[in-house]
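Hello,

Here is the structure I promised to pass on to you. Have a look at it first, and then read my notes below.

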Amino acid sequence: MHSMINLLELILTNIVEICTILLELFGVVILVFTAARCFFHWIKRDSRIRLELAQGIALSLEFKMGSEVLRTVVVREWGELGILGVIILLRSILTFLIHWEIKHEEKALALGKNSDS
């Protein structure tokens, strides 16, 4: 019975590690894709560049935060859990600030469109 539990624990750990790496990869891909796309918008002098970049960063951070939450499943020590908690807290604060920036940028763009009409 003990070996069965160890085997199940090993399987769970491997699944969590693979999923964590995939979520981290998704976050990186989204960030790089958004940055490249926004660079081309910057060359064209598009006024929505800040909004698109902020939205891409926020989405990327949410994938990265999801990977950290998933990583808490296999944490074995309180020290590791504390570090993960701080990382999640910092990423949550960053996400909140970026969403706040998105909201203000959307308002600024809406005011800019209304004044153009």
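Predicted model: local features only at pLDDT ≥ 70, side-chain atom pairs only at ≥ 80, totals over all residues.

**Cysteines, then the overall picture**

How many disulfides does a search of the whole structure find? The search comes back with 0. As a reminder, a disulfide joins the sulfur atoms of two cysteines through a covalent bond.

Now for the fold. The protein has 3 helices and 0 strands, and reading along the sequence gives the pattern α-α-α.

As for its dimensions, the C-alpha trace spans about 75 × 25 × 20 Å along the principal axes of the protein. The radius of gyration is 20 Å, whereas a compact globule of 117 residues would have one near 13 Å.

What share of the residues counts as buried? Of the 117 residues, 24% do. The protein exposes about 8400 Å², and 73% of that area is supplied by carbon and sulfur atoms.

Contacts across the sequence are worth a look too. Among the contacts with a separation of 6 or more, 72% are between residues 24 or more positions apart.

Finally, the charges: the protein carries 12 positive and 13 negative ones, and their mean positions are 7 Å apart.

Enjoy exploring it, and write back with any questions.

Best wishes

How values were computed:
Residues numbered from 1 in each chain as written. Heavy atoms only, no water. Helix = DSSP H or I, 4+ residues; strand = E, 2+ residues; numbered from the N terminus. Rg over C-alpha atoms; globule rule 2.2 N^0.38 Å. Buried < 20%, exposed > 50% of the residue type's maximum accessible area, 1.4 Å probe, protein only. Contact = heavy atoms within 4.5 Å. Areas by Shrake-Rupley, 256 points an atom, 1.4 Å probe, with all protein chains shown as cover. Lys, Arg positive; Asp, Glu negative; His and termini not counted. Charge placed at Lys NZ, Arg CZ, Asp CG, Glu CD. Disulfide = S-S within 2.5 Å.
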